Amino acid sequence: MTGATVTDGPMTGAPGEEATDGLHRYVFAFGAHTFTEDPALADLPGVPDDLRRVKALFSSLGYTEILPELAGAPDAQLVRAGLEDWLKTDGRGPEDVLVVYYAGHGLRDDRSHRLTCRTSKHNRVSTTLATRELADLLVDTRVGHALLLLDTCYAELGAAEIANVTGQLVDSRPPDADGLWLMASARSREAAYDHAFVTALESAVRAGTAGMRQRYLDIPTVTGQVNGHLREHGPDQCASYHAVSGRAVPPFLPNPKYRPGLPDEAMDVQSQREWTAHFGPRGRGVEYASEPGDWFVGRLQALATVAGWLREPVHDARARVVTGDPGSGKSAVLGRLLALARPDRPEAPAHLLPPPGSVTVSVHAHGTTLESLTARLAAALEVEADGPAQLLAGLAEYTGPLRTVLVDALEEAGTGVGGREPQRIARELLRPMSALHNLRLLIGTRRTMIPELGRAVEIIDLDTDAYTGRDDIEQYARRALTEMPGGPTAEDREAVAVAVARRAGRSFLVARMTVRALLHGDLTPDVSRPGWEEELPSEVGQAFDAYLARYGDDEQRVRRLLRPLAYAEGTGLPWDSLWAPLAAALSGEKCSNDDVDWLLRQAGAYIVEVQAGEGRSVFRLYHEALAEHLRDARRSREDQRRMTAELLSSMPPRTDGDGPDWERAHPYVHAHLAGHAAASDDLERLLQDAWFLVHADPDGLLAAMDGVRDEAARRVRTMYRTSAHLYRDLCAHERAQVLAVDAARYRLEHHRKTLGRRLEWTPPLGDRLPDEQLVPGRTEFVGK
């Protein structure tokens, strides 16, 4: 560690309140700034202040300092023994979270990386603390979560050494001990600067680039922000991380923006997440679960028709399809139906009520794939199935009570910007499912998908008088303008409500957006002027433009920050390390996390935050029609090319120089890079990277590969599909082993060699191993 100083001041104010998650948090911060036994080790006057600031930072996050008598690193043996005694204390358990921070000189030789203490000598190994010794201490403990922060010269060498050792020992950890993470503040050939890492860490934690539903900050994201701060403020220093074991978002850094108690926070069940983010709000005619009120109006005949169908004791083996133009209220009708089937249902006439709990499983199909939907329905309906054919066969054999499957937004499945995934789902799964006599199927989709569903369907078209009353939208506008604060004067409300309804036609979405604009003063029609009605929006795009225009000089800033959401795949785009860079890539202008924070505070009316898997928050636009308006069809491929390039540039390199480190890529990259690359015609090139195949989400990759045309890419696709049904349940190392076998079978020499460089065994080229050599239920290879 050098004596150079880089700082822009200590962090002021706690970034967040103490977490109330039942975990016990401890921090051990130690380091040496003077060296009494070796004049060759220069003093480090900045270390005491770094230790103080680290302890203050983690104290503000609810941590308690341990071993304060060892904070000055008096002697290597004392530190080693003191930490071991604490780790072995009775009562340590999975609820314990430990952060260990070291600041001081790091030494390296041909064998190891070592940490110095006050009495250390640079040429006496016994007087130093080998970083690999920390591996044994941290692995052999019942502490649930441990994070080691090395703020020292050549820190990456030490972290990599620990990762190698603990990677071998991690299986011996107690089963209830969850995670071990390492963060190094200087790479193996770099010196560390006083205050640089601590200042950057304070900044990253204070920024808290995650949504209100994400409880903890993501370590890879924080590392990326630390590096951004280091680049911006000058020191030639870089941080890196290693996840030896543990969950994707560990509980070390509570998110300062997290807000407990948001409605329906039981997010571990996917159907509950979708109820909170999609069906529940739509069924009340609002954007968010936290938004008060119930503004659902009209469409009573559509509700009565579906509710009556669900009450019938005998199924007619015909699916019901709720359809209409964008914004007609398809999701609202289905959300209302689900609300009326819940125990806490709103009041309604008996003919509108479906039987309680009559919908077995409800799915918002936005961003899903055929494989994902099949797996989800199989789990919900308790059928063992690897694919659609097995699921359908299992459903046909079912003899229990009649069940109902609801699938909404079918046309939004797969990639949000094209592709054939909706058609695949319709033809291979929903079409044959609709003819089953023991399963009801209810679908919400645009008309373009109806031919794909076959003939065993009954259509409920919300754009017809049979299902939506002519005065339904006028009734909604009148009620909203009367009961919500703001908007036109009392004498003008009736005329404005009539005009809103006439201009909106059958679109509840246009009416709602127009009413919002009127209530917020974005639209101020002069009802005394002839033709004033024509100034009101008649299309979603016009209504959205009226909303965006309220930001005046900042309108273009809002648009460029929203555009990444228009291209987001799956359930949405995470904020952390991706949103701002993607906005910059699409617009060609600088965008920062501060800009995203400003957007969410000032212009977030049509942005929905939902909690995705693994404790992460993601963001998407409220309605697909808004995304369609922000996307420019003329430059869609170029936009996707920029998205793909930026996602690839976010990849950290491997420390051994052997290509990108796919293992440490952002989860969004694992799940959705293939979809973006397919839309930009870059997927065929990516398929030649064997480690991309290993780490990519199997469902997303299978869907994206469907349209490849290049002969080499098609060979890779054939090879990948051979064992694709196994990948979902295999870890990355096991996937690599299976892919190596398949690459040999299909004579894909490049892939076989690439995988073989990091595997302990690979089959010879062209070795067509019989299937029985892959033992069912195991991943070991037998006989070679």
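**The second largest pocket**

Mentor: The second largest pocket has a volume of about 1300 Å³, a volume being the space filled by probe spheres set on grid points joined across faces, edges and corners. The model is predicted, with local features needing pLDDT of at least 70 and side-chain atom pairs pLDDT 80 or more, while totals for chains, interfaces and linings use all residues. Residues are numbered from 1 along each chain as its sequence is written, and side-chain values use heavy atoms, without hydrogens and water.

A pocket here is an open set of points on a 1 Å grid over the protein atoms alone, where a 1.4 Å probe fits, with protein on both sides within 12 Å along at least five of seven lines; lining residues have an atom within 4 Å of a point.

The lining has 41 residues, and Gly224, Gln225, Gly228, Arg231 and Ser577 lie nearest the centre. Two or more lining residues come from each of helix 5 (196–207), helix 6 (219–232), strand 9 (240–245), helix 18 (579–587), helix 19 (593–602) and helix 21 (636–649). Helices (H or I, at least four residues) and strands (E, at least two) are DSSP runs numbered from the N terminus. Helix 6 gives the largest share, ten residues. By type, the lining divides into 16 nonpolar, 15 polar and ten charged residues, with Gly counted as polar.

Helix 21 also holds Arg637, which is tied to Asp681 in the loop between helix 22 (667–679) and helix 23 (683–686), 44 residues apart in sequence. Arg637 is exposed at 53% relative accessibility, whereas Asp681 is partly exposed at 39%; exposed means over 50%, buried under 20%, and partly exposed in between, with a 1.4 Å probe and protein chains only.
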